[in-house]
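Here is a short note on charged side-chain contacts for your review. Please read it with the structure open.

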Amino acid sequence: MEFKLKTISAEGVDPALTKAELYRFLNEPEEAESICEDVLAVIPGHQLALRTLGLALTDQFSGGLTDRYADAEKAFQQLSDQYERLYYTGLLYERRAKAQLRAGRPPHTLTVLLEDAMHAYQEAEKVRPTGNDDAILRWNRCARLLHSRVESDWHREVELEMGE
């Protein structure tokens, strides 16, 4: 049996996005994703819907092959504000690295993702709104994560592979 999706009203967009954010806070990112897709069907390019969709997708990252990294990246790349595009791209790299770390991927293989996140945060910092230090806070978190394992896990496996 085939079901045709129903369209929400333009007046229902703001309340729907409020619900999407609530679902993210309740750790139900699939629900948030569905709502964002409904909003984008009514108002393509809606910035809050794109941002929330990208975040809902990254909330679902498990570090596996089924992670929808390209879908999250596509949502963030549609953000019109340069700062947001850079900041959320950094968040995408950071969340991908953390999910892969939790999934047991060797830490040294994730250094590039964290460095990419830090680069995006650094670029976002250059164009950030006055008083917005979010990119700095995220950069520092990535740096602390890298520093926490510098002497152990991040390099140990590289040395083992080299036979040292």
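The points below cover the salt bridges and the exposure of their partners.

1. The model is predicted. Across the whole structure, a search finds 10 salt bridges. A few of them are taken up here.

2. Start with Glu-94 and Lys-98. Their side chains form a salt bridge, with N to O at 2.8 Å. Both residues sit in helix α5, which spans residues 82-102. They are 4 residues apart, so about one helical turn separates them.

3. Glu-94 also pairs with Arg-138. Here the closest N and O atoms are 2.3 Å apart.

4. Is Glu-94 buried or exposed? Glu-94 is buried, because its relative accessibility is 1%, under the 20% cut-off. Its two partners fall in another class. Lys-98 has a relative accessible area of 21% and is partly exposed. Arg-138, at 22%, is also partly exposed.

5. Next, Glu-125 and Arg-128. Which distance separates their closest N and O atoms? That distance is 3.6 Å, and the pair counts as a salt bridge. Glu-125 is partly exposed at 31% relative accessibility. Arg-128 is partly exposed too, with a relative accessible area of 29%.

6. Shared partners also matter for the listing.

Notes: Residues numbered from 1 in each chain as written. Predicted model: local features only at pLDDT ≥ 70, side-chain atom pairs only at ≥ 80, totals over all residues. Heavy atoms only, no water. Salt bridge = Lys/Arg side-chain N within 4 Å of Asp/Glu carboxyl O. Helix = DSSP H or I, 4+ residues; strand = E, 2+ residues; numbered from the N terminus. Buried < 20%, exposed > 50% of the residue type's maximum accessible area, 1.4 Å probe, protein only.
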